[in-house]
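Visitor: I have a model open and want to go through it piece by piece. Can you take my questions as they come?
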Amino acid sequence: MPALSNNSTEKGPFVSLLADLPGGGKAFMGILLAATLYIIIGNVWIPADSFFHVPTYMVSLLGKYVCYALLALSVDLIWGYCGILSLGHGAFFALGGYAMGMYLMRQIGDRGVYGNPDLPDFMVFLNWQELPWYWFGFDSFIFAALMVMLVPGLLAFVFGWFAFRSRVTGVYFSIITQAMTYALLLAFFRNDMGFGGNNGLTDFKDILGFDLRADGTKIGLFCGSVIALLVGYLVCVYITQSKFGRVLIAIRDAESRARFTGYRVEFYKLTVFVISAVLAGIAGAFYVPQVGIINPSEFSPANSIEIVIWVAVGGRGTLWGAVLGAVLINWGKSYFTGALPDAWLYMLGGLFVFSTLVLPKGIVGTVPLWAEKIKRRIALKSSAADTGVK
Amino acid sequence: MRTHTLIASVLLCFLAICTRPTPVSADSAGELVSGIAQKSFSKKAAAVEKLASSGNENAALILNALMQGNLYRVKTDSTRVVLVLSEEGSLKISDPVTGAEFPSLTKSDLKKIRINNKVRSAIKAGLGRLDLTHIDPDRRLSAAAAVFKSGDPTMLPVLEELLSKEQDEHVKSAFKIAVASLQLINGQDKKIRLKAVETLQDAGGQEVKGLLSKAALQLATEKSEGSAEIAKAVEKALASVDRQLATYGMVENLFQGLSLGSVLLLAAIGLAITFGVMGVINMAHGEMVMIGAYTTYVIQETCRLYMPGVLDYSLIVAIPLAFLVSGLFGILLERSVIRFLYGRPLETLLATWGISLILQQFVRTIFGPTNKEVSTPSWLSGAWEITSGLSVTYNRLAIIVFALLVLFFLMLVLKKTLFGLQMRAVTQNRMMARSMGVRSASVDALTFGLGSGVAGMAGVALSQIDNVSPNLGQAYIIDSFMVVVFGGVGNLWGTLVGAGSLGIVNKFLEPYSGAVLAKILVLVAIILFIQKRPRGLFALKGRSVEG
């Protein structure tokens, strides 16, 4: 990674940030923007019978991947740069999703099956008389958007404050984050929690007045997700390139040493953990309107571990590698669960083993290494050949 | 009237189906029945009583028929009693004892046997008595319970008489309780009623509580001799029964908690070993449990096919085999994957998770996704009734004992064998152990095998109380982690205390908050506990801590 350059004072932080994007970052942003542009054009202007047409369901599917990519990014930020392996990041994602789902639920109004203007369908079904207090405010998009960031952020703050302050690290931290998401899973399954229990929140109609089933809304949501991913990426790059990020890396590599040097490790960890949780929450908020449902299974510990493997396959500590891993694996999942449903779990399991044993640095970290090795070998051979001739 | 006879005949047909006539005792029964045909009502009542206490199988049918007015006497032969049923318009006239029909007789040949209130009450008492004197003690027990429930005062003399004759201890106490209940509610004599309250208090149980509350209500309005005193006694008894029920509830909760705790102990103990020695979180540990459970299933099915005689003992054979199978899987896992990942615990966690996915899918491919049933052997089914209202099932009890045995066996291995010594050495200081000549690599492999083998044995136990399915392991893995994290690693006592307390706390919270909330509360409590003791209750001290 290039050292933090000092021309930031001259050009302003943003321009310098773009100029200093770490390895592959520029290419990544370029490809992402180009792909987005093509998807929009391919969906709207290229006729449906053309080979180059992008069908609308594909746009939503890709939008889902983009949300996963943002989620993977948030995990990479803490795992790749600070060594915090959270096995409960799905919880933050789901909480953001639930906050958005609650807003979408309120937008249904009296168009539900029971036609009750005040209560969502599942509450009518459960004979609830009035809206629970924690549902107030979700009629407003602004409030919901705030909650999308605030709720995961707050949970991460409280959880992280307790955990980091008492120096819970390594596998212990992983296990208790897993317990956290497991507890939330059980809690959200309960009907009397007031979040739709087993079925979750669904049957959404529109967002900000736009019909969720309309093609235009779907493309809009896709673009929104891409923008969220780009902004999230830049935020992560900014954090990791700053002095703050340097300390994070120091903590990752030698926590005790960083502490002895005088850094307040807990503060750094907590901050980055909260930022990561907020990013995950935002990803969840974009995810829900695109898939049309949020239910407790998003909290399942297995989901959270899967996120980690996206990052591991793509390459931890590379940011855009996480994005690559998320998109690749989820594409594979969509494809193989359709084509070879029995084989998918073998492949996923094999991927866990393979990526940790063979690709400890992920695709992004390993491929250049191999390339270099091959190059060196060729150079060696040619020099050997040269000497042979002489 | 007609509808009544119709209903009666339907009922009787039903009864006739239930109680097949037996020709064996026909002679003596015939004599008894002919007694009913006598003119005098008091003689009839005596005959009814005799019939009821005769133990004849048809007695219930005959008495019911008499009650319904379906018994007739032949005019020409005053000792011949016949049963008349109207079946699809035509009359069916038969002998009540043998069931033989008399096609030659018509209704004009017959005269209905009349009964009055005296006979009626004799019949009622007789019917109650029939079950109370049944040969099968279980029938007698349920008859006593029925009397207790109905509170029929006419049964009191019958019961009192039978009580003096009863031999079976269980039945005797049931009779005593039933008598006491009748005495308390219907009695007049203060002394007897007070005595009854005492008997009931000693008996205890949920039903007695209901009866006592009923008695308390009745006594409040009653104005008989000494009712205030009795009411006081009832109140006292009620309080004592309440206390006893609460204690039973506690004991039951404790047992349930211990049972859950022993299951957790079995599942977590192997995890604690591998985590303690190698610092490796084995996410595939739950699948080792699952493999153990499937091994049990396979052995059961093999036994069913080839040696049905020893099917009851297949579980015992399964214990060592499950240990071996899961242990071999564990060693294979360690040699092929985990050993390349030492020093990278987070990566190990991911890799083992991947292996758990593969193993689950593997089992699903072979055995299918549906639940497999491992039957409970006859020597483990049933329950041990400690007192009335408090019983523990044998299979749960067996699991507690089994878990403690496994713990004991592991302690023995750890403390008394060379392998155990080496294992502890590696746990405490790997580098030092290696420089002393301990082959840490083989210790690692064997430790992993041991931990996985114990998980396999846990699978045998779990097959008795849970569904054997590919997801079996997943259900327990997080709880086992919690046990290990709570108890601390590298110390089996920590695992024991962790598992026991988690199980008990869980079960004690359940009645107040429901099962799911209890689990959530326990998880939250552990997350908070970790803050206080980041390394668990029994933390290792020394250099290995920072490793």
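Visitor: Start with helix 15 of chain A. How many residues does it have, and how far does it reach?
Guide: This is a predicted model. Helix 15 of chain A, residues 343–357, has 15 residues and reaches 21 Å from its first C-alpha to its last. That is close to the 21 Å expected at 1.5 Å a residue.

Visitor: Which residues in helix 15 of chain A are buried?
Guide: A:L345, A:L348, A:G349, A:L351, A:F352, A:V353, A:S355 and A:T356 are buried.

Visitor: Back up a bit. How many helices and strands does chain A have?
Guide: Chain A has 16 helices and 4 strands. The C-alpha trace spans about 90 × 60 × 50 Å along its principal axes. Of the 390 residues of chain A, 42% count as buried.

Visitor: What radius of gyration does chain A have?
Guide: 23 Å. A compact globule with 390 residues would have a value near 21 Å, which agrees.

Visitor: And the strands. Where is A:I207, and what does it touch?
Guide: A:I207 lies in strand 2 of chain A. Leaving out residues up to four places away in sequence, A:I207 touches A:L104, A:Q107, A:L212, A:T217 and A:P289. A:I207 and A:L104 are 103 residues apart in sequence, but 6.3 Å apart in space, C-alpha to C-alpha.

Visitor: Why does A:I207 count as partly exposed?
Guide: Because A:I207 has 19 C-beta neighbours inside 10 Å, and a residue needs 20 or more to be buried.

Visitor: What about phi around those strands?
Guide: Two residues stand out. A:D203, in the loop between strand 1 (201–202) and strand 2 (206–207) of chain A, has a phi near 70°. A:L208, in the loop between strand 2 and strand 3 (210–211) of chain A, has a phi near 50°. Both values are positive in residues other than glycine. Most residues other than glycine have a negative phi.

Visitor: Is A:L208 buried or exposed?
Guide: A:L208 counts as exposed, with 10 C-beta neighbours inside 10 Å. A:D203 has 16 and counts as partly exposed.

Visitor: Switch to chain B. What is its secondary structure?
Guide: Chain B comes to 21 helices and 6 strands. Its radius of gyration is 34 Å, well over the 24 Å that the globule rule gives for 547 residues, so chain B is more spread out than a compact globule. The C-alpha trace of chain B spans about 110 × 60 × 40 Å along its principal axes.

Visitor: And what share of chain B is buried?
Guide: 43% of the 547 residues of chain B count as buried. Among contacts in chain B between residues at least 6 apart in sequence, 71% join residues at least 24 apart.

Visitor: Now helix 19 of chain B. Where is the kink?
Guide: The kink is centred on B:I478 and is about 30°. Helix 19 of chain B has 16 residues, 472–487, which should span 22 Å at 1.5 Å a residue; the end C-alpha atoms are 23 Å apart, which agrees. Just after helix 19, B:G488 takes a positive phi of about 90°.

Visitor: How many residues of helix 19 of chain B are buried?
Guide: 14 of the 16, so helix 19 of chain B is largely enclosed by the rest of the structure.

Terms used
Residues numbered from 1 in each chain as written. Chains lettered and ligands numbered in written order. Predicted model: local features only at pLDDT ≥ 70, side-chain atom pairs only at ≥ 80, totals over all residues. Helix = DSSP H or I, 4+ residues; strand = E, 2+ residues; numbered from the N terminus. Rg over C-alpha atoms; globule rule 2.2 N^0.38 Å. Buried ≥ 20, exposed ≤ 12 C-beta atoms within 10 Å, placed from the backbone. Contact = placed C-beta atoms within 7 Å. Expected span 1.5 Å × (residues − 1). Bend = angle between axes of the 7 residues up to and from the residue.
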